[in-house]
Each structure stands twice: as structure tokens, then as C-alpha cells.
Amino acid sequence: MVIVLFFVALLAFVLMRLSPGDPVRMYLPEDAPEAAVEEMREKLGLNEPYVTQFFRYINDLLHGDLGTSITYRKAIWPMILERLPTTAKITLGTVVVGLLISIPLGIIAGVNQGGPIDLFAMFFALLGQSMSIVWLGILLVFVFSVILGWLPAMGDKGFVFYILPSLTLGYPMAAQITRLGRSGMVDVLHEDFIAATRAKGIPDYLVYSKYAFKNALIPIITQMGLTIGTYLSGSVVVEQIFGMAGIGQLLFTAVGNRDYPLVQSLLVFSAAVFVIVNLIVDIINSIVDPRIKLE
Amino acid sequence: MKKLLLKRMLKSAFFVVGLLTTLFILVMVLFAPAITPYEPNQNSLTERLQPPDWSQGFDGHLFGTDNMGRDLFSRVLYGGRSSFFIAFTSTLLSAALGILLGLIAGYYGGIADVIISRLCDIFIAIPSLVMGIVVSALFGVSKINLIGVMIATSWIKYTKIGRNNVVVARSMEYVHASKVLGASSWRIMIREIFPNVTTPLLIQVSQGIGSIIILESTLSFLNLGIQPPDPSWGNMITNGRNFMATHPWMVLAPGCALMLTVMAFNFLGDGLRDVMDPKRN
Amino acid sequence: MEKLLEVTDLRVQFKTERSIVNAVNGVNLTIHKSESLGLVGEAGAGKTTTAMAILNQLANNGKVLSGDIRFKGESVFKMPKRQLQKIRGDKISMIFQNPLTSLNPVFTVGEQIAMVLRHHKKMSAKEAREATKELLKAVSIPEYRINDYPIQFSGGMRQRVGIAAGVACNPELIIADEPTTALDVTIQAQILELLKKMQQDYNTSLLMITHNLGIISELCERVAVMYAGRIIEYGTAKEVFRSPLHPYTQGLLGALPTLDDQKERLTAIPGRVANPQNLPDGCRFHPRCQHCMEQCTHLAPIMRKINEDHYVECFYAEESEK
């Protein structure tokens with residue numbers, strides 16, 4: 001786990017250093033004299049050999065110091081914290097939207113295999129997986145903002161502003177969960193123990209929603225872990241489309257400005273979130289399914 | 001066996017619809033120069049912001065024009081060309097790379113397996129879009145770089161296919177038998193294990209193309225993909241966004257094209273899975 | 001004796017992607033109160049299908065073509081679902097063949113026993129838990145394991161859990177579908193002992209499905225021999241084993257090694273088991289029968305009473321008994 005983070009940091013570091021573009025030059029005005037550039041470079045520690053830079057960075061990380069942004073000249077960790085709530089709220093909204101319809105739909109579809117609800121669910125899921133977040137977001141804005149005027153198109157200062165972004169990211173997630181739920185149910189329903197449960201006279205609704213579903217739950221939980229863990233991805237796009245000041249937008253600007261420390265720390269932070277989320281998922285999975293052993 | 005496949009193919013609505021739509025789109029896109037008289041980058045001051053016009057058949061502006069007077073239908077078709085080029089090339093390359101790595105990891109085990117598995121873990125931890133943004137922004141936006149990004153984000157799924165099948169197949173009797181008879185490792189890998197890979201591979205490829213097209217259009221939307229004035233459905237959306245309230249077709253045309261194309265591939269992928277592995281249905 | 005379960009001319013068919021399977025082809029069976037009946041036959045004879053049909057729980061691609069099954073006079077195919085579900089697990093319960101797959105892996109064994117108590121006996125969670133502990137004790141599983149999961153048990157112990165769930169509501173009929181086939185011989189004996197005890201303690205009827213004749217002689221008063229979806233011989237176990245009339249039954253018994261007999265070779269029944277996708281004409285067994293007569297190839301024999309305790313469906317047997 002820690003190794004993964006280490007390598008993410010390394011990867012980020014290497015990528016940034018390899019790429020053309022000099023953060024110092026980007027930061028200073030165009031006509032800045034060579035001396036000033038050199039001075040700034042020294043100040044930022046960018047004139048040292050790469051290896052030294054890297055280990056200094058790792059050392060800082062281990063002490064909880066995520067560095068200072070070149071562009072904003074502020075400490076990075078507080079910057080992340082400041083923007084975290086927005087992105088977190090979007091992620092939360094996404095999860096709610098993602099689970100609300102998909103779980104019941106997936107269960108019913110799996111039970112009614114081949115029936116009308118199943119076909120609807122399959123179509124619903126396919127459509128959701130075929131939607132680019134970009135297109136979905138813009139389409140939603142078009143319908144709900146431009147045509148109907150019900151919801152705001154931009155901004156992040158209030159609950160209403162989070163509805164469309166949550167729908168935008170939530171629908172593809174719901175699509176995935178519906179599929180997983182459906183195929184999970186279909187698989188489980190063929191198992192001997194379900195026949196045994198039915199033979200005990202347990203009513204159908206319980207057989208499906210309790211005894212069968214719990215078996216289908218594990219891939220769903222795992223998938224949710226992956227989706228939440230990669231929240232940053234969706235955030236970048238959504239924050240761009242809906243003009244929200246979150247971590248995604250921060251990353252986007254940072255990359256454009258070649259702000260090495262900011263990009264590196266954002267990537268490491270993002271990977272750390274991913275790792276933690278997956279750890280939680282593993283723990284939950286081992287509770288739900290006793291056959292899974294925690295390592 | 002073949003007859004059974006054919007029967008299933010015809011029975012699967014997803015497969016039929018997916019295949020036909022995909023073929024239709026591919027044909028349209030391939031024969032773009034023959035279909036539309038307009039050049040995608042052809043500006044025209046007089047024809048700016050025209051609504052869709054179906055009265056003149058293919059000679060008219062079927063999807064209207066954008067703010068620079070360029071014909072949207074032609075831009076959609078040509079944009080599709082770029083997207084498909086990138087999608088097919090990168091899918092092919094990442095599948096080849098991924099499967100190879102997977103086979104190696106699975107077959108030789110040991111340190112090769114450890115290294116490759118760790119690599120997978122690392123790459124999974126970085127979401128594809130983020131990786132795409134970072135690489136595109138840093139290294140510039142040529143088509144080669146785009147393909148590189150796509151490969152970097154998708155090779156993992158193919159590695160899993162390769163590796164899983166080796167692990168399963170290895171324990172099977174016929175691999176042991178081959179080895180005893182003196183077949184070399186490569187031979188075993190190719191002849192015994194590879195055929196089991198084709199089903200999940202085909203399915204993954206048809207689903208993978210859809211996601212690559214989406215990724216490319218998202219990057220283009222963020223101006224990190226195909227650069228204007230060259231059309232891509234993504235950058236057409238970026239451009240058209242500003243005119244959405246008054247001239248919605250500028251956004252709807254590329255958006256719908258994107259959606260329908262990916263849907264077609266996903267239908268095909270699902271249909272393929274139904275046909276080849278029906279017990280899942 | 002009071003009739004508990006009556007199966008009349010049951011015919012069941014399954015449709016797969018490739019073919020049609022005629023699993024059960026006119027089965028007649030009666031089980032009386034407190035009676036134990038053994039249903040014997042090879043794999044594919046239609047035993048499990050018959051069992052599932054009794055609970056009206058055939059797989060989706062299965063269809064009852066004709067015939068009826070009556071439990072205490074009421075048809076299981078015609079009764080409303082609620083009533084059927086009341087019977088399942090409560091009046092008729094089933095013990096499945098494979099203990100490794102017949103328990104739900106993500107629920108505790110306690111839950112899988114308590115669920116029937118809560119549902120059928122309307123017990124509260126606490127009451128059900130206490131009752132479950134008693135049941136576990138009865139099947140020789142330590143009480144404290146009530147919160148353990150199936151994965152933590154061996155095959156034999158899992159089967160005992162299955163038995164505990166099966167007797168929990170004191171059913172009138174237990175259907176045991178090859179309950180020991182997947183188990184070690186030594187464990188088999190324990191499970192059979194347990195079943196015997198349960199049957200005696202609770203005075204339940206038992207339908208014992210197996211391909212093992214030894215088990216029948218241990219547990220069952222009556223036996224029905226099944227071949228290609230039909231019952232071809234029926235009677236008390238004593239009678240049938242003492243003097244088997246159908247060539248198939250004779251073959252089955254002849255295939256058993258015994259310690260006291262002076263046999264030099266075990267008889268094997270030639271040929272292969274009838275394929276339910278492609279059944280022979282006339283008597284289903286005729287291709288493999290050494291006593292096959294001309295009429296056997298195109299006429300199907302019907303069940304004839306030989307004496308009070310013995311019925312058989314075979315032209316040759318009829319002839320020899322005359």
C-alpha cells in the first residue's frame with residue numbers, strides 16, 4: 001500500500017520533470033532577466049539534482065508537509081483542505097444518486113430476467129455507460145437550466161448547485177451498479193442454497209432482497225470503492241463544466257501552470273484517498289462475506 | 001458449434017442492433033469525403049450559425065453550421081474519423097501489450113508476476129482521466145501522445161485477462177501434458193492458453209473502444225485532445241457550449257454522435273458476450 | 001394407514017437450448033404417515049426431479065406435462081403460492097445433496113436454522129435463537145457455534161446443519177435427496193444414524209432418495225426402484241431385496257459385493273443408462289435386459305401387483321411369477 005503511494009509520487013515527480021515547460025519561467029513575467037530566473041529557481045530548490053529534489057519531497061511528505069505551490073505561493077495542504085468540501089459534496093451526491101435507483105433496479109432486473117423491467121434496466125445501464133460525463137453534464141444543463149430554468153448552470157454556493165453535478169456523475173455510476181446487481185442476482189439465483197431457502201418456505205421477497213442480495217453485494221461494494229476512489233477524475237470535468245472550486249479544478253490549473261509541487265501533491269493525495277477507500281472496502285467486504293480473509 | 005453461434009447471434013437483439021449500428025457508423029465515417037461536399041475546416045462568413053437543413057439532401061447543411069460557418073455534419077464525420085483512428089490504434093496496441101504482459105506474469109510467475117502486478121496496482125490508483133490530463137498537458141497534444149495516453153490507461157484490463165487465463169489454464173491437465181511432451185513455453189502459451197483468451201478479449205475490446213472514445217472526447221473538451229480547428233466531438237462541444245441557448249444544434253450534433261457511437265459499441269460488446277458466453281444471461 | 005403424499009402419473013419435461021429432456025415419465029408413488037420410503041435409481045433416473053416436483057419447485061425450464069401430486073388430499077400444483085410456502089419447510093422439508101453448496105455462505109448457520117422457526121412458528125428472534133441452540137445440540141454440533149459461518153464447518157457438519165433446519169418445524173414428511181453421497185463413508189454412517197433418530201423421535205415420514213441400496217435396507221420400510229423416469233418395482237424393502245423381480249433390480253443387487261455369498265464375479269448391468277433426451281421404445285430397459293422378449297421392444301409394461309408387498313412393471317417378471 002505504502003509502496004503504491006511511493007511509486008505514485010515517483011511517477012508524478014518523473015512526469016513533471018520530464019515534461020517540457022519550466023515552472024519558473026511560467027511564473028515570472030516574460031522579460032524577466034536571467035539572474036532573476038536563476039534566483040527564483042534556487043529559492044524554489046529546483047536547481048538541485050533531481051534525486052535530491054525527490055528525496056526532499058518524500059521526506060517532506062513523510063512529515064506531513066505537502067509543499068508549497070509555485071503558482072499560488074501558498075502551502076498546499078491548506079489549499080487542498082479548503083477545496084475539499086466542494087469535491088467531497090459532489091462525491092457524496094454522486095454516491096446517493098448512484099445507489100438510489102440502481103440497487104432496487106438491479107435486484108428486480110436480476111429476478112425478472114428477460115422481463116420488461118430487466119430490459120429497461122439493461123437499456124438504462126447501457127445508456128449510462130455510453131454517456132460521456134461531458135455530454136451528460138451539458139445535456140442536463142441544456143434541459144434543466146436553459147430550457148426549463150429549474151436549476152442553476154454554474155456555481156457551488158448552495159445545495160441546489162450540487163444537483164446537476166451529482167446527476168452527471170451519478171448516472172454512469174448507477175449504470176454500473178445496476179449491471180453488477182443484475183448479474184450478481186442472476187448468478188446467485190442459480191445456486192443450490194437459494195433453492196434450499198425457497199424449499200424452506202421463505203417468501204420470495206425475502207429470498208431475493210435478503211438472502212440472495214447479500215451475495216450479490218460484494219462486487220457492488222468493490223465497484224463503489226473503485227468509483228469513489230477515482231472521484232478526482234469526475235471532479236475535474238464536472239467542476240469545469242459547472243464552475244465549481246474544488247480539487248479537480250485545482251489540478252487542472254496546476255497542470256497547465258507546470259506547478260510541480262501542487263501537481264505532485266494532488267496526485268499523491270488522490271492516490272492516498274484511493275488507497276484508504278479501498279482499504280475500507282476490503283474491511284467491509286470481509287464483514288459481509290466471511291469467506292474473504294483480511295490480509 | 002458454428003450453427004449454435006449463428007442462432008444465438010440472431011436471437012440477441014443487442015448483438016444485431018449493435019453490429020448494424022456500428023457498421024453503419026463506420027461506413028459513414030470512412031466514406032466521409034464521398035458523402036459530404038463540405039470540408040470540415042472550411043470557414044464561411046455567409047453561412048454562419050445556420051440551423052439544420054434537410055431539404056437539399058446531402059448538399060445542404062444537414063446538421064447546420066457553427067459560428068465559423070463550418071458544416072457541422074462534415075465536422076461530425078471527420079471528427080469521428082480522428083476518434084476512431086485513435087480508438088482502434090490504441091485498443092489494438094494496449095490489448096497486445098496488456099495480454100503479453102499478462103501472459104508473462106501468469107506463466108513465469110515469480111518476480112515477473114510481482115512487478116507486473118504492482119504496476120497494475122499503481123496504474124489503477126491513478127484515474128484514467130487524471131492521467132490523461134497530466135500527460136496531455138505536460139507532453140503536448142499530438143496524436144501520438146494521445147494514443148500513448150490511451151494505452152497507458154487501458155492496458156491493465158487486458159493484462160488481467162491474460163494473467164487470469166494463464167493461472168486457470170496452467171492448472172489444467174493439458175498444459176501439464178504438453179509440457180511433458182516437451183513443448184516449449186512459448187508454444188504452450190500460444191497454442192493452449194491463448195485460444196481461451198479470445199472470448200473475454202473480444203468482449204473487452206468492444207467495450208474498451210467505447211471508453212476510449214469517451215476519454216478522447218473528454219480530453220478534447222478540456223482542450224487537451226484534438227486541437228481546433230481540427231474537429232473532434234469533444235472540442236465541438238466546448239465550442240458549441242457558448243451558443244447552447246440560441247443555437248443548440250452546435251452542441252447536440254456532436255453530443256448525439258458521441259452518445260450513439262459509444263452506445264452502438266456497447267450494444268455490440270454486450271451482444272457479443274451474450275453470444276459467446278450465454279450462461280451469463 | 002393414512003395417506004400423506006400421493007403422486008399420480010407424474011410427467012415432467014425440461015427444455016434446454018439443445019434438446020428436450022423427459023425426466024419423469026409417469027411416476028406413481030404413495031407415502032403414508034410415519035412411513036419411510038426409499039427411492040432408488042441411478043443418476044439421471046428422475047429422482048431429484050420427482051422430489052422437487054413434490055415441493056412444486058421445479059426449475060424455470062421445467063414443466064409438469066400431466067399428473068398430480070397431492071399432499072393430504074390437496075394438489076401442490078393447484079394450491080395458491082402462500083399455502084405452498086406454508087407447507088414448505090414446515091410440513092414438508094427437504095435435505096439437499098451437496099452440503100458444500102446448499103448453505104448460504106454469507107449467513108450464519110444459526111440464521112439458516114432460525115429463519116424457518118421465525119417464519120413458520122412465528123417465534124421472536126430470541127425464542128428462535130434458543131430453539132436453534134437446542135436443535136444444534138440434537139445434531140451434535142456445539143451450541144456456541146451458532147454464530148459461525150458455513151465455511152467454518154466440514155461437509156458432514158454442514159449436512160447436520162441442513163438436517164437441523166429440516167426437522168426444526170417438526171415436519172410430517174422429510175425428503176432427503178442423497179444426503180450422504182457427497183460425504184465420507186465414516187461420516188455417512190453418522191448422518192444416517194442421525195436421520196434414523198430424527199425420524200423415530202419426531203415420528204416423521206421419510207422419503208429417502210439414494211442410489212445406495214445399503215442405506216435403503218438400513219432406513220426404509222418400503223422401496224421404490226426408479227429407471228428412466230418410471231417406478232419399475234415397488235414393495236417392502238424386505239420383499240424386494242429378498243426376491244427382486246425386475247432384471248434391473250436384480251442387476252443392482254447383484255452388483256453388490258456381499259461377505260457371505262459364494263459369488264465369484266459381481267454382475268454389471270450391460271449398456272448405459274437410458275438417456276432421458278432419447279428414450280428407447282417399449283420398455284425403457286429393454287436394450288440392456290438379458291431377458292428381453294419380443295414384446296418388450298415395442299410395448300411398455302405397466303405396474304402389476306404380485307403380492308401385498310410387491311409390485312413390478314415387467315413382462316418377464318410377470319411371466320416368471322405365473
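## Chain B: overall make-up

Helices are counted here as DSSP runs of at least four residues and strands as runs of at least two, numbered from the N terminus. On that basis, chain B of this predicted model follows the pattern α-α-α-α-α-α-α-α-α-α-α when it is read along its sequence, and its secondary structure comes to eleven helices and zero strands.

Of the 281 residues in chain B, 48% are buried.

## An exposed loop residue in chain B

Thr46(B) has its place in the loop between helix H3 (32-35) and helix H4 (72-108) of chain B. Because a residue is called exposed if 12 or fewer other C-beta atoms lie within 10 Å of its own, Thr46(B), with 7 C-beta neighbours inside 10 Å, counts as exposed. Thr46(B) and Ile213(B) are 167 residues apart in sequence, and the distance between them in space is 33 Å, taken from C-alpha to C-alpha.

## Where chain B touches chain A

The contact between these two chains takes 35 residues from chain B and 36 residues from chain A. On the side of chain B, the elements that give two or more residues are helix H5 (110-125), helix H6 (128-139), helix H9 (185-221), helix H10 (233-241) and helix H11 (249-276) of chain B, and the largest share, nine residues, comes from H11(B). Sorted by class, this side of chain B has 24 nonpolar, seven polar and four charged residues.

## Where chain A touches chain C

Here the contact takes 19 residues from chain A and 25 residues from chain C. On the side of chain A, helix H10 (192-199) and helix H11 (204-229) of chain A are the elements that give two or more residues, and H10(A) gives the most, with seven residues. The residues of this side of chain A divide into nine nonpolar, three polar and seven charged.

## The sheet of chain C

In chain C, eight strands form an open sheet with mixed pairing, in the order S6-S7-S8-S3-S9-S10-S12-S11. Strand S6 (92-95) and strand S11 (304-307) of chain C stand at the edges, and each has a single partner strand, so one side of each is left without a neighbour in the sheet. On average, and with direction ignored, neighbouring strands of this sheet are turned by 20° against each other.

Within the sheet, strand S3 (residues 36-40) of chain C runs parallel to strand S9 (residues 222-227) of chain C, and four bridges join the two. One of the residues involved is Val40(C), whose bridge partner in S9(C) is Val225(C).

Helix H5 (residues 155-167) of chain C lies across S6 and strand S7 (173-177) of chain C, and runs at about 175° to S6(C). At 1.5 Å a residue, the 13 residues of H5(C) should span 18 Å, and this agrees with its end C-alpha atoms, which are 19 Å apart.

H5(C) is mostly covered, since eleven of its 13 residues are buried; among them are Met157(C), Arg158(C), Gln159(C), Arg160(C) and Val161(C). What covers the buried residues of H5(C) includes S6 and S7 of chain C, and also helix H3 (109-120), helix H4 (125-138) and helix H6 (185-202) of chain C.

Conventions:
Residues numbered from 1 in each chain as written. Chains lettered and ligands numbered in written order. Predicted model: local features only at pLDDT ≥ 70, side-chain atom pairs only at ≥ 80, totals over all residues. Contact = placed C-beta atoms within 7 Å. Nonpolar A, V, L, I, M, F, W, Y, C, P; charged D, E, K, R; others polar. Buried ≥ 20, exposed ≤ 12 C-beta atoms within 10 Å, placed from the backbone. Pairing = 2+ DSSP bridges. Axes fitted to C-alpha atoms, helices over the stretch in contact; angles between N-to-C directions. Expected span 1.5 Å × (residues − 1).
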